[in-house]
Protein chains: 2
Amino acid sequence: MNMKYIIAVDLGGTITKVGLLRNGELVDYVKMPSRQDLDMTASLPEIENAIDFLLNSNGVKRLFGVGIAFPGLVNNKKSIIISTNEKYDDGVELDLDRWADEHWGAPFYIDNDARLAAIGEWQYGSGRGYDSVVMMTIGTGIGSGVIMNGEVMYGKHFQAGSLGGHFVVDYKGRLCSCGNKGCVEALSSSFFLHKIIKDHACLSPSFKMSSQNYDFKEIFQLAEQGNRDALLVRNECIEIWGAAVINFIHAYDPEVVILGGGIMNSHKVIVPYIEERVSKFAWTPSAKVSVVVSSLGDYAALYGLEYCLRKKIKDEVFGKSSVSCPLKPSDSAPLC
Amino acid sequence: MNMKYIIAVDLGGTITKVGLLRNGELVDYVKMPSRQDLDMTASLPEIENAIDFLLNSNGVKRLFGVGIAFPGLVNNKKSIIISTNEKYDDGVELDLDRWADEHWGAPFYIDNDARLAAIGEWQYGSGRGYDSVVMMTIGTGIGSGVIMNGEVMYGKHFQAGSLGGHFVVDYKGRLCSCGNKGCVEALSSSFFLHKIIKDHACLSPSFKMSSQNYDFKEIFQLAEQGNRDALLVRNECIEIWGAAVINFIHAYDPEVVILGGGIMNSHKVIVPYIEERVSKFAWTPSAKVSVVVSSLGDYAALYGLEYCLRKKIKDEVFGKSSVSCPLKPSDSAPLC
């Protein structure tokens, strides 16, 4: 029974992950540096190669579906990339449905990466048991995904819930690559880290000089060792992430906010700070909003793709009103 | 046929409006200064008096329903005020269902004032014909309401969509009365105007000295006459409202953003500035988002209450699945 395998590709700004999943389980994966020098068309052959490698080495002859988690705005109904943000800008021109069909004869699904991570956590990770979930993913960029009252939020033009990284938290702040001013992403993402260091008013000249050399991992390590400059940068970014979380709570009224992305290796520093800020500043009289760490880590979006692909295929084959099809990994019966 | 009359009360921070409506039409109303020295319990007798005056002077013997638009968080299903913000703080203890029943034997409905204004505009005003609408109301406080894909947004704890005035747009900014820091409301509402003037780094000492004397109407008039201080205050507030509108667009993905509140008498200055900011900074590749002025003006929330009361009564009498009941003023048939 190979029919239930799916391939999920998370096309990150720094790392591309290709996963082989079956029935809510990540069976095998490849993790490779994204080719930041290439556009999307030129990146696809490497991805095809990784997919074929996974299929061959796991003896998979037929795919149930192929999905891509994309760092931009996506129309998931038409499988079209709507808009990018200085990454894979040629994506809007591609016919990816056809790409998947021609290569593997498989149905295709694409959505925003942070939205898919939220879906993954909601179905299989830290968001299980909740019906109102916000996830913020702090990576190269900063993304968000929202589930409200058991429904994934898309909005009129597929933007709602996924542009949290582009909420203004400093209306006089830095220009973002999205075109807006003072976005969470422009003030506190890896993509902007060297600018954050270079523009900072209170850092030492020597630290600023080497702004290109640092990533968040080093900033957190140096801060841990008491480096004054790194502490300033770290604490300011955490404060901005905290302001973002408060905005998500005020905007979407969730039961839980899940924090994800590579930076969450430092969750022991980040989460208590944000929890404190939320309990002090968020207006939540009805119930305390939990702030938790992603439990699927870097793979949340892959799980989200698995869920969405299975749901898409179920809806197409059985119609949207069918409710008897198992969609969770705990359901051991074969899918539909 | 008196059965279709409803009373709608908009309990503003500065002005309280009591309207008599029938079938989507505002038949008569009373507009009186809110008693800022009183709590809600002590304010109710004046409201009762205004309601009875309207009923008597219009010969109305029986009410179809009574509603209140409240400037705080409300559970509209249970008719309970959940949380206030330095206005009518005793509201959370009141049994308003009983209040309406004892006085007029009428069903009762209560919801957040800005959400109701959004509903009013969506059904009867500038939002007609759209199914994804955000409204921002700039008054004593700053509120918001959201309709997404034809559904009014409530969220898990009735907060979603209505806390736009408490989005952080300056994470290092002023403490708000809601407990949060750098909210839109704390930086650009009437409630905070004297603090905005007093704290401003670039205003003349004489202007600051008389901070208590100004309201937005005077600020806009003085700015129009070229007063440097007033121009600074006015332009900074418009810039903050613009940042708020961008956040609403990024959060909720609407087709249209409606601006309301008393300040919209100056819409000829405000709207072009915000439109320009939106077209420059908002990430909206799929469609231009319109920025328009409320067409129901100060009465939007009253119309929203009329719609919600009629919908509540219809749902209770005929069940939620009934779809044949006319709900719009253009439908001339009697309700249900």
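## Two chains and how they meet

Searching the whole structure turns up 32 salt bridges over all chains, where a salt bridge is a side-chain nitrogen of Lys or Arg within 4 Å of a carboxyl oxygen of Asp or Glu. Before going on, note that this is a predicted model, in which local features need pLDDT of at least 70 and side-chain atom pairs count only at pLDDT 80 or more, while totals for chains, interfaces and linings use all residues. Residues are numbered from 1 along each chain as its sequence is written, chains are lettered from A and ligands numbered from 1 in the order in which they are written, and side-chain values use heavy atoms, with hydrogens and water left out.

Let's start with one salt bridge. B:Glu236 and A:Lys172 meet through their side chains at 3.9 Å, N to O. This pair crosses between chains: B:Glu236 sits in helix H8 of chain B, and A:Lys172 in the loop between S10 and H4 of chain A. (Helices, H or I with at least four residues, and strands, E with at least two, are DSSP runs numbered from the N terminus.)

Now for the interface as a whole. Chain B puts 52 residues into the contact and chain A puts in 52 residues, with contact meaning heavy atoms within 4.5 Å. Between them the two chains bury about 4500 Å², 57% of it on carbon and sulfur atoms. Buried area here is the accessible area (1.4 Å probe) that two parts lose on being put together, summed over both. On the chain B side, B:Tyr171, B:Asp253 and B:Trp283 lose the most area to chain A, together 20% of what that side buries.

What about charges and polar groups? Eight salt bridges span the interface of chain B and chain A. One salt bridge joins B:Lys156 to A:Asp131, with the closest N and O atoms 3.0 Å apart. There are also 28 residue pairs in polar contact between chain B and chain A, both residues at pLDDT 80 or more. A polar contact is a pair of N or O atoms within 3.5 Å; within protein, one must be able to donate a hydrogen and the other to accept it, and residues adjacent in sequence count only if both atoms are side-chain atoms. As for where chain B's side comes from, strand S6 (80–83), helix H8 (228–252) and helix H9 (267–281) each supply at least two residues. H8(B) gives the most, with nine residues.

Rings come next. Over all chains the structure holds 26 aromatic pairs. Rings of Phe, Tyr and Trp (its six-membered ring) pair if their centres lie within 6.5 Å; planes under 30 degrees apart count as stacked, over 60 as edge-to-face and the rest as tilted. A:Phe167 and B:Phe167 form a stacked pair, 6.0 Å centre to centre with 15 degrees between the planes. A:Phe167 lies in the loop between strand S10 (151–152) and helix H4 (184–188) of chain A, and B:Phe167 in the loop between strand S10 (151–152) and helix H4 (184–188) of chain B, so the pair joins two chains.

Finally, look inside chain A. Domain 1 and domain 2 of chain A bury about 990 Å² between them, 51% of it on carbon and sulfur atoms. The count of salt bridges between these two domains of chain A is zero, whereas the count of residue pairs in polar contact (both at pLDDT 80 or more) is seven.
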